Amino acid sequence: MDFELTRSQKEIQKAAAEFARGEFDKELALELDRTGAFPAKIQKKAAELGFIGVHFDEAVDGGGLGLLDAVLTAEAFCRQDSGIGVALMLAGHGAECLLRAGSSDLRRRWLSKVALGECRCAGAFSETGVGPAMEGMETTAVSAGDEWVLRGIKSNVFEIDSSGFFVVLCRTDSEGASETGLSLILVEADRKGLSRESAGAKLGMRMLSVGDLRMSDVRVPYDHRVGKEGKGAAQFREYRQELSVLLAGMSLGIAQGAFDRALVHTKSRVQFGRKIAAFEITRCKLADMAVRVQSARWLTYQAAWGFDRGRLSPIEAAMARTCAADAAVAVADEALQLMGGYGYMTEYEVEHFYRDAKVLALFGGGSEKNDVADAVIGRLK
Amino acid sequence: MDILTCTDAHRDFQKRLRAFLAEAVVPHIDQWEAAHRIPHEIWERMGRNGFLCPCTDPAYGGLGGDFLYAVMVAEEMARINFTGLCAVLHSDIVVPYIESYGTEDQKRKYLPECVSGGIVTAIGMTEPDAGSDLAAMTTTAMETGDEIVLNGAKTFISNAVNCDLVVLAARDPAVENPHQALSLYLVEADTPGFKKGEPFEKMGWNSQDTGELFFSDCRIPAENRLGQPGQGFLMLMEKLQQERLLCALFGVFGAEFMLQWTTEHCKTAKAGGKPLTRSQAVQFALVEMATEVKLGRTFTEKLITDHMAGRNVVVETAMAKYWTTETAKRIALRCLDLYGESGMLESCPVARAWRDVRITSIFAGTNEIMKGIAAKFMGL
């Protein structure tokens with residue numbers, strides 16, 4: 001067992017924290033949360049310095065590092081500001097599908113753009129009324145000559161307003177079960193027949209738009225298929241594991257960031273002639289919060305570390321995700337309480353950490369608990 | 001209402017209020033929430049239609065109703081998921097100070113307009129360095145003959161922008177003991193030396209104008225002191241039972257409506273071809289929340305009965321305020337989970353309700369203060 005980060009990991013952790021401290025201006029963060037605008041300038045700078053696509057190959061202009069390095073970046077970013085951090089980390093949502101399964105041509109053409117901050121993308125996986133088993137998915141792609149023709153509506157697609165392309169999970173075999181009938185197809189946003197409908201303002205993670213992706217006879221070249229035909233469900237599941245670890249890193253950063261702010265406040269604010277941090281109840285609360293943050297941290301690091309060693313573990317990813325998501329909500333909630341009336345005011349930041357933590361936990365529909373249950377119970381005879 | 005007894009007059013009031021809110025308030029909620037303000041005029045419409053100060057003596061234009069009228073206003077506001085027009089704060093928290101402690105002249109001067117909505121009130125207790133610790137208040141009132149000079153700043157004041165009259169707590173700098181130094185004063189909004197700050201941006205209660213009040217050599221006539229000098233702390237303590245009981249009701253009603261909307265959602269929304277309510281986990285979650293809602297309502301209704309009978313239920317009210325608001329927050333979070341990804345959107349009714357309910361664990365004395373009060377009175 002070795003619980004030390006490598007030198008290079010410590011360096012990226014430090015560099016990401018310094019970048020976030022220098023660039024994530026508090027007033028700008030509050031303004032972007034208010035207006036729902038994407039932090040485009042910061043993203044461009046982050047991309048120039050190599051903080052976007054940390055875990056992408058160098059061949060596609062990525063950092064050539066591991067998922068743990070990406071997690072450390074996510075943590076540092078979200079600790080500084082939950083809104084900007086999440087926006088930067090999720091502006092390439094779905095890109096890992098290309099990274100792990102895309103043809104070299106697709107990877108070269110699209111992943112570089114994501115890593116360089118020239119293009120945002122989003123996975124279009126969900127549909128209204130379709131559960132985690134993916135049964136009843138209605139979006140279809142029919143092959144016609146050298147093209148795919150896509151039809152259907154995907155819901156809750158992130159960065160719907162400004163993504164350059166979408167990775168669409170759709171049915172390519174109308175007869176087949178979801179396990180064999182689904183595929184992933186890359187669809188550029190400017191294709192004819194494609195329209196986007198914003199779902200309006202969000203409760204949190206406001207710098208990213210969300211909405212429906214509607215496709216009526218959208219044609220894309222046959223080679224836009226990501227990975228093998230009929231392997232969409234399996235690829236999506238693998239992608240979700242990687243994403244879960246990244247999301248855990250973001251939640252972890254949010255939890256830590258909320259904790260930091262509560263700690264500063266309780267150590268400076270005086271009521272009843274004492275620092276609030278001197279009250280026994282405050283000490284208990286801060287101790288509980290610290291334990292939650294640290295438990296989430298180790299589960300998250302462990303899952304990322306295993307992933308980088310080629311050990312794809314659905315249970316570790318799902319446990320990290322669910323533990324960190326819950327920790328972020330609970331810690332931000334308690335931080336807000338410790339800051340009292342100030343905590344409820346926008347100016348003091350933790351209220352948006354709390355909203356972002358909750359929306360991040362809702363994202364994906366909470367399927368991780370099912371994944372954990374599947375893994376711990378196994379097959380019933 | 002189970003423990004409480006409603007008359008036809010109560011039910012008629014509730015019905016008329018519900019219709020009024022549907023017509024005059026509901027269509028504007030999104031716009032007001034975005035603008036972070038409600039127009040002063042809506043207070044006047046509420047007043048004209050008889051929905052402000054329903055418990056005020058008819059001698060001053062009120063309805064002379066019992067506390068159940070206040071309860072109904074709180075319930076109807078929760079039903080429309082709107083905190084911007086906090087009528088009970090004016091009608092049942094601030095105005096009662098004037099009615100209970102005011103001189104006949106003060107009552108004749110202010111109460112009729114409080115009832116009509118011409119005067120919107122606020123109460124100034126909290127200061128930047130005196131939140132939970134009210135005794136640390138530093139705003140001063142120097143009584144010099146026929147004038148009182150006010151200096152200091154108040155913060156987190158509800159109705160700060162729309163208010164026309166403030167019930168202000170301030171201390172006599174000559175008196176050392178903070179519990180004997182406080183007095184209450186009536187300050188009109190256009191008094192020279194009194195300035196209002198910009199409303200704060202907050203997690204929720206977005207159209208409620210919460211802000212700062214500044215007093216700089218603000219001179220008011222001596223007859224604007226409310227009650228006896230040095231009695232401020234006692235008056236505040238006496239009125240906090242009703243204020244906290246109303247906060248407990250925000251928790252109870254908020255939780256009830258969130259659960260109602262979420263239950264409807266779970267009955268209609270489908271996953272894998274089946275309604276969400278077919279899931280055992282969803283069923284248990286809804287049952288657990290319904291149980292908590294019923295516990296909260298039963299406890300609170302009992303306290304309403306006691307409060308209306310004039311009993312001292314300070315400790316139980318502190319317990320109820322802490323438990324119902326904490327429970328409402330927990331229920332909001334669980335309801336959002338049941339909405340899943342659609343809970344990420346502001347269009348989900350629980351989204352706003354969660355943002356709004358979060359302050360109830362903090363205002364009118366944080367839940368930590370509530371537990372402290374209970375501990376003290378339980379002899380711990």
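Predicted model: local features only at pLDDT ≥ 70, side-chain atom pairs only at ≥ 80, totals over all residues.
**Domains of chain A**

I looked up the division of chain A and found domain 1 (7–115), domain 2 (121–229) and domain 3 (234–377). I then took the centres of domain 2 and domain 3 of chain A over C-alpha atoms; 30 Å separate them. Nine residues from domain 2 of chain A and ten residues from domain 3 of chain A make up the contact. On the side of domain 2 of chain A that touches domain 3, I noted six nonpolar residues, two polar and one charged.

**Helix 2 of chain A**

Which residues of helix 2 (residues 26–35) of chain A are buried? I listed Ala29(A), Leu32(A) and Asp33(A). Viewed down the helix axis, these buried residues fall within an arc of 100°, so they line one face of helix 2 of chain A. The general rule is that an α-helix has 3.6 residues a turn, so residues three or four places apart point the same way. I checked what the buried residues of helix 2 pack against: helix 5 (82–90) and helix 13 (350–362) of chain A. Glu27(A), Glu31(A), Arg34(A) and Thr35(A) are exposed on the other side of helix 2. After helix 2 of chain A comes Gly36(A), and I noted its positive phi, near 75°.

**Trp205(B)**

I located Trp205(B) in the loop between strand 6 (194–196) and strand 7 (211–221) of chain B. Is Trp205(B) buried or exposed? I counted 25 other C-beta atoms within 10 Å, so Trp205(B) is buried. Leaving out residues up to four places away in sequence, Trp205(B) touches Thr83(B), Thr210(B), Asp356(B) and Ile359(B). I also looked up Phe82(B), which is 123 residues from Trp205(B) in sequence and 7.9 Å from Trp205(B) in space, C-alpha to C-alpha.

Key. Residues numbered from 1 in each chain as written. Chains lettered and ligands numbered in written order. Domains from an automatic or database assignment. Contact = placed C-beta atoms within 7 Å. Nonpolar A, V, L, I, M, F, W, Y, C, P; charged D, E, K, R; others polar. Buried ≥ 20, exposed ≤ 12 C-beta atoms within 10 Å, placed from the backbone. Helix = DSSP H or I, 4+ residues; strand = E, 2+ residues; numbered from the N terminus. Arc of directions from axis to C-beta.
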